[in-house]
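Trainee: Could we go through this structure together, one question at a time?

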Protein chains: 2
Amino acid sequence: MTSPNYNCHFSIANIPFGVASSKCHQIQCATRLENNVVFLAELQRSGFFAGVSGLPNNVFEKPTLNEYAGLDKSVHRQVRAVLQETLKKTLPTAFTEDISAVTLYLPVSVGGFTDFSCSLHHVRNAGRAIINDPTPPPGFFHFPIAYNGRASTIVVSGTPIIRPHGHFYDLTASSEKKPIIYGPSRAMDYELEIGLIVGKKLDATQGLNAKDADEHIFGMVILNDWSSRDIQACEMKPLGPMNGKSFGTSISPWAVTLDALEPFKVPGPKPEVALASHLEDIPESSYDIGMKVEIITAGQASTVSESNNQHLYWSGRQMAAHLASVGADLQTGDILGTGTVSGPDDGTLGCLVEMTKAGNEPITLVDGSKRTQLQDGDVVRMTAVAGGAGSGVGFGECVGELKPAQRV
Amino acid sequence: MTSPNYNCHFSIANIPFGVASSKCHQIQCATRLENNVVFLAELQRSGFFAGVSGLPNNVFEKPTLNEYAGLDKSVHRQVRAVLQETLKKTLPTAFTEDISAVTLYLPVSVGGFTDFSCSLHHVRNAGRAIINDPTPPPGFFHFPIAYNGRASTIVVSGTPIIRPHGHFYDLTASSEKKPIIYGPSRAMDYELEIGLIVGKKLDATQGLNAKDADEHIFGMVILNDWSSRDIQACEMKPLGPMNGKSFGTSISPWAVTLDALEPFKVPGPKPEVALASHLEDIPESSYDIGMKVEIITAGQASTVSESNNQHLYWSGRQMAAHLASVGADLQTGDILGTGTVSGPDDGTLGCLVEMTKAGNEPITLVDGSKRTQLQDGDVVRMTAVAGGAGSGVGFGECVGELKPAQRV
């Protein structure tokens, strides 16, 4: 354990937080070093955190990270330092289990889920593909556009997603005006996103400047905003996405903290227009986080996209500040999604609707099969690593299989 | 107490549920008879509900109705019967306080808030006023269109609402193309709605037929979906309303149960198109609930609208069934808003944007002042009574004052 292994997502430089259980360890907060899951409630009971000021007793006993995530960053930093110090020396084997023997859970109880649209490339690509118009919405450069998603159907990586039923235009109908029918969606897609987990809460009407918002962001996860494009297309006007998204959203189980991501800060895009002061951000406003999407069919993984968080126009700090600016609160455990992380080039596109030009140009997988949309049994695996391979700070994976529609 | 007084909202025929406290009674679940608030945790401890099967001990001790609302309707009906029987005989004065001495709270902890658009009249009126096109959205007759609101900013009646800051088009600019600026909203409005409170939960992927959905609806409240029309107009394309709504939503404190509303069931509108089977509703699908909006300025109340729940095209059962159809769950305490309850005629319009034709035709209040939008200090009071005055089954009021913008 003394020579850190940086060739993995969860090196000593990471120290992510999640919720885990195993045969011998009841559900509690945990961290991970390489393939070892370390149970934090037990570590705390054994006195490892005795020197940390501001850490409540039994804070890790809970089946969610919420209480811990809501603490001040100064407490998080002390805990991180203790864990790095401890794990550098020796693995506390009594409180540790191999990842293969562990069940992982949603890291937080999610009160609110707000999904943004932060990638200019995604907006332009999707607009071009769907309505032949790459012009971003009028507000795009002024504030991060968003809608509220359904928090209760956020699930942890590994949970299957069932193809939803819904209303959509029957594009197979011979009539010129396509009728609206109800049935299993025929246009299933994924969206590659990052989810920011709100840490310390912000009260309503308190307001927040983007520059100060890191204090309220506990960490990040990979987020797959599964989307039914036909249901979405039928319902979006004028109130936005609802059932086309609300059947399920997957997140990776380990929250990677901003402290772990600090070395991977990079300059963000320059604003196209003058911003309201609460949206003005720090110079190094972005993070170098490489992201990959694979579609796994019959055991074979096809890499369909390699993107990067740097492609986003808006930062998580700006997302949080925009929400708060209207007088809304931020609750610990809220998740703010970045929207699809797409870049400018083919191969950096974060969803099938972009890659296939709205279904007009199928992609070919390594097994030779073609896709314009996901098929039942397809597994979508998303991974993310900060700073490139070998950094030792990764997100692990966010994986989910699309299951056939059920009669409901 | 032996001769019931039907000239009030809270007669023996009502028996609503809320959460209350007073100097001598700590926060707990409560009911109300006329102006008497009866504390239910104390009533249960005294054995009043001993004969009710399926009622957990201490279920009313909680500061929300969630645990109680999540029980089977058969339990709710027994409790209702005991309360009607008890209160007909005598008021349990040790557990009772006059409403004037009582503080009321949000009746439920709200996990999810989904706001629908169920009034064809509202859709047509708003469309005509804003974009000169009364055509409803393409999906309107096929399913109840909705978006997710912000659950965490739902507040109980009486809570002031602060005029929000946000981004909007500066309509005072001389340029033809109006610039987007950031500042206090200049177009504040209310929306008269009913909120349905989800009772017994429904698991994800379980599905639900509208005909069976009453089992999952605990009761109803009045809901004021405060809206900033300029922020909304700037952000709605393409993802729907967000900050234009998320600064605050008011609900009345007493949940009126479907059992109390049963005598006021009336036939609903006939569907314009054949519905998917899960949306097919019972014949008496609507309720006769009269609703009134007053704007109070300098102590003078101007009645600006009198509408009725019967004007809605979609029922609460259909709203719940639509949500569930995609595989989403319903959580106890979720609130489903009907959208603005507007009728076909002037005088039945549930928001200012309709009444003033998007700000073009000011309304005149009793004090002689005019409004195209709400002014700071305006108090909006909404009331609702089932079956007309004298029925004894009312909702009380949902009231809120618009306060000046704060520097955030």
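Mentor: Before we begin, strands are DSSP runs of E with at least two residues, numbered from the N terminus, and please keep in mind that this is a predicted model.

Trainee: In which strand of chain A is the place of A:Thr249?

Mentor: A:Thr249 is listed by UniProt, in an unreviewed entry, for "binding site" together with A:Asp225 and A:Lys245. Leaving aside neighbours within four places in sequence, A:Thr249 is in contact with residues including A:Asp225 and A:Trp226. Its place in chain A is in strand β16.

Trainee: Is A:Lys245 buried or exposed?

Mentor: A:Lys245 lies in the loop between α5 (229-235) and β16 (249-251) of chain A. Buried means under 20% relative accessible area, and A:Lys245 has a relative accessible area of 7%, so this residue is buried.

Trainee: With the side chain of which residue does the side chain of A:Lys245 make a polar contact?

Mentor: Not counting residues up to four places away in sequence, A:Lys245 touches several residues, among them A:Tyr147, A:Asp225 and A:Arg229. The polar contact of its side chain, at 3.2 Å, is with the side chain of A:Glu191.

Trainee: Which residue of chain A comes closest to the rotation axis?

Mentor: A rotation of 180° with 0.0 Å of shift along its axis superposes chain A on chain B, with an RMSD of 0.0 Å. The two copies are therefore related as by a two-fold rotation axis. Judged by C-alpha, the residue of chain A that comes closest to the rotation axis, at 2.0 Å, is A:Gly240.

Definitions and conventions. Residues are numbered from 1 along each chain as its sequence is written. Chains are lettered from A and ligands numbered from 1 in the order in which they are written. This is a predicted model: local features need pLDDT of at least 70, side-chain atom pairs count only at pLDDT 80 or more; totals for chains, interfaces and linings use all residues. Side-chain values use heavy atoms; hydrogens and water are left out. Copies are superposed by least squares on the C-alpha atoms of residues with pLDDT of at least 70 in both. UniProt positions are given in the numbering used here, feature names are shortened, and annotations may be inferred rather than shown by experiment. Helices (H or I, at least four residues) and strands (E, at least two) are DSSP runs, numbered from the N terminus. Buried means under 20% relative accessible area, exposed over 50%, partly exposed in between (1.4 Å probe, protein chains only). Contact means heavy atoms within 4.5 Å. A polar contact is a pair of N or O atoms within 3.5 Å; within protein, one must be able to donate a hydrogen and the other to accept it, and residues adjacent in sequence count only if both atoms are side-chain atoms.
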